[in-house]
Amino acid sequence: MQIKGILHLSLKNLKSHPKRTLFLILTTGIIFALIFTVNLWWQGLQNTYIANASHPTHGKIILQATANSNTTSFPNDSSTSQDSPATREEMIQDLERFGATIIGDTKYYGSYFAPVLDSTLLQSVLEIDPTTAPAGTAPILVNEHLANQFLGKAYSGVTRTAHNKQQNYETYRSSLLGKTFTDSDGNKYYVVGLAPGRSFINNLSFAGIVYRNDSLFNPFLE
């Protein structure tokens with residue numbers, strides 16, 4: 001059917017059933033407007049989260065590449081294929097292909113195997129000047145797992161109110177920043193900041209903050 005015929009039938013139907021046709025047009029318009037609005041809201045929420053999450057490091061991340069040997073077996077097949085680990089040169093070429101800058105080999109410190117990195121790479125997330133670290137201590141950024149090891153307890157994530165959540169976080173920060181901790185081997189660490197990442201929350205839902213929160217937005221925010 002040509003467009004001219006479709007328009008003719010539409011106008012004829014509008015004249016025959018004006019109220020029903022206008023109601024259908026109005027209902028369809030409202031539905032599409034709601035879908036468009038929700039889509040804009042959701043996209044804006046995602047953009048805001050990504051912008052805030054990447055703000056401390058200006059959108060950059062540090063990757064650690066390790067060559068592993070993977071053994072792959074297939075169902076109903078007694079044979080096994082052994083993948084040889086990638087060489088250093090192959091890994092460098094692969095990373096540089098995606099615009100990465102190679103920092104160099106990673107060294108580790110202490111029994112927690114904390115990677116040793118140049119402070120200039122982490123300048124934007126340092127909250128305390130590393131040069132002020134006491135003698136004999138290593139300035140370090142801590143994530144949630146390492147913080148739990150230092151303090152001997154887990155962070156209390158879910159609270160009764162959002163205000164309690166904020167208070168818990170501030171208390172947690174103050175118990176870490178500028179403090180010295182010692183591991184089982186006697187190595188000393190001086191906390192100069194918190195490592196950026198998905199620390200202290202598993203998702204963005206209100207249920208992850210407020211105890212027994214049943215908001216209708218939780219499935220979307222998770």
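The protein's secondary structure comes to six helices and seven strands, where helices (H or I, at least four residues) and strands (E, at least two) are DSSP runs numbered from the N terminus. Reading from the N terminus, the elements go α-α-β-β-α-β-β-β-α-α-β-β-α. Keep in mind that this is a predicted model, in which local features need pLDDT of at least 70 and side-chain atom pairs count only at pLDDT 80 or more, while totals for chains, interfaces and linings use all residues. Residues are numbered from 1 along each chain as its sequence is written, and side-chain values use heavy atoms, with hydrogens and water left out.

Now for the overall picture. Of the 222 residues, 17% count as buried; buried is under 20% relative accessible area, exposed is over 50%, and partly exposed is in between (1.4 Å probe, protein chains only). Among contacts with a separation of 6 or more, 55% join residues 24 or more positions apart, a contact being heavy atoms within 4.5 Å.

Let's go inside. Back at Ile-140, and leaving aside neighbours within four places in sequence, its contacts are Ala-114, Leu-146, Tyr-189, Tyr-190, Val-191, Val-192 and Gly-193.

Helix α4 deserves a look of its own. Its buried residues are Leu-146, Ala-147, Asn-148 and Phe-150, and they pack against β5, α5 (162-174), β6 (180-182) and β7. After α4 comes Gly-152, with a positive phi near 75°.

What about the rings? The structure holds seven aromatic pairs. Rings of Phe, Tyr and Trp (its six-membered ring) pair if their centres lie within 6.5 Å; planes under 30 degrees apart are stacked, over 60 edge-to-face, and the rest tilted. Phe-150 and Phe-181 are stacked because their ring centres are 4.8 Å apart and their planes at 5°. Phe-150 sits in helix α4 and Phe-181 in strand β6, so this pair ties together parts 31 residues apart in sequence. Phe-150 is buried, at 12% relative accessible area, and Phe-181 is buried with 12% as well.

Phe-150 also pairs with Tyr-189, this time in a tilted arrangement of 5.4 Å centre to centre and 45° between the planes. That pair links helix α4 to strand β7, with the two residues 39 apart. Tyr-189 is buried, with a relative accessible area of 1%. Through ring pairs, Tyr-109, Tyr-112, Phe-150, Phe-181 and Tyr-189 are linked into a cluster.

The protein exposes about 16,800 Å², with 58% supplied by carbon and sulfur atoms; accessible areas come from the Shrake-Rupley method with a 1.4 Å probe, and for residues only the protein chains shown count as cover. Val-38, Trp-41, Phe-206, Phe-217 and Phe-220 make a nonpolar surface patch of about 520 Å². Patch residues have over 30% relative accessible area and no salt bridge, with like charges joined within 9 Å and nonpolar side chains (Val, Leu, Ile, Met, Phe, Trp, Tyr) within 5 Å; a salt bridge is a side-chain nitrogen of Lys or Arg within 4 Å of a carboxyl oxygen of Asp or Glu.
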